[in-house]
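Student: Could we go through the aromatic contacts of this structure?
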Amino acid sequence: MQRYRHLSILAPMNKQRGFNIIELMLGIVIFGILLAFGLPNLTVMVNNNRLATEINAFSSSLALARSEAVKTNSAVIVCPSTDGAQCVASVVAAGSPWDVGWITFIDRNDDGNVDVDATGDPCRTVAASNYDANDDCILDYRTGLPTNMSLIARSNHATTGFPAIGYNGLGESVSTVSGTLGEAFWVMCDERGASFARGLSVTNTGRSQIAVRNASSQYVYPNGTAISSCTSVP
């Protein structure tokens, strides 16, 4: 009778074993150590990216307002809004409640309020039977920030905050309350406080700029003022 010999190449495979309990426990310990060191850094990165995303979104809304004001040669306003339809009128002592969300709209009758009736398309740019020249066009609506984030504002002419920022046909920033806004500032924070805050400023010419880090790793406004508080701005 002919005998068949097992292939020698399979011999080592038959001797393969899995991890024993000591090797498995050692692997778990090493993974736990790596996770303990890496997870906090990952959390910081996620939170930083979230702040950057939100302040960039706000900056984009201001850029849209300024662009539309120049393009249409009309007043365009950005104001806090909870419903995407009207501005929040109140101004709180620590600054305007911009973290509730905001809208950008063309203020055709220049009264500082959103005026839209029940008929027609307020964003039409040509006269028609259903067109009201005094209807305002809402260009953009951004919902509120996460509950652990805040956004407050102040300007040189409104020390307790201001309810809106507007742009005229020249692209200049103006106040819907006094007509003169001066340089405006916003500061955005999360639960980590001012050390990680982001800021944005708008000059009276309408130019906006996000705060950047200085040599000391502090975020500073273009005028050199460092962000040191989440409840007040320079």
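Student: Is Trp 98 buried or exposed?
Tutor: Trp 98 counts as buried, because its relative accessibility is 0%; buried means under 20% relative accessible area, exposed over 50% and partly exposed in between, with a 1.4 Å probe and protein chains only. This is a predicted model, in which local features need pLDDT of at least 70 and side-chain atom pairs count only at pLDDT 80 or more, while totals for chains, interfaces and linings use all residues. Residues are numbered from 1 along each chain as its sequence is written, and side-chain values use heavy atoms, without hydrogens and water.
Student: How many aromatic pairs are there?
Tutor: The search of the whole structure finds 4. Rings of Phe, Tyr and Trp (its six-membered ring) pair if their centres lie within 6.5 Å; planes under 30 degrees apart count as stacked, over 60 as edge-to-face and the rest as tilted.
Student: What is the geometry of Phe 58 and Trp 186?
Tutor: Phe 58 and Trp 186 are edge-to-face, 5.1 Å centre to centre with 65° between the planes. Phe 58 is in helix 2 (residues 21–72) and Trp 186 in strand 7 (residues 184–189), 128 residues apart. Helices (H or I, at least four residues) and strands (E, at least two) are DSSP runs, numbered from the N terminus.
Student: And Trp 186, buried or exposed?
Tutor: Trp 186 is buried, at 0% relative accessibility.
Student: Why is the pair of Trp 98 and Trp 186 edge-to-face?
Tutor: Their ring centres are 5.6 Å apart and the planes stand at 90°, so the pair is edge-to-face.
Student: Which residues form the cluster?
Tutor: Ring pairs link Phe 58, Trp 98, Trp 102 and Trp 186.
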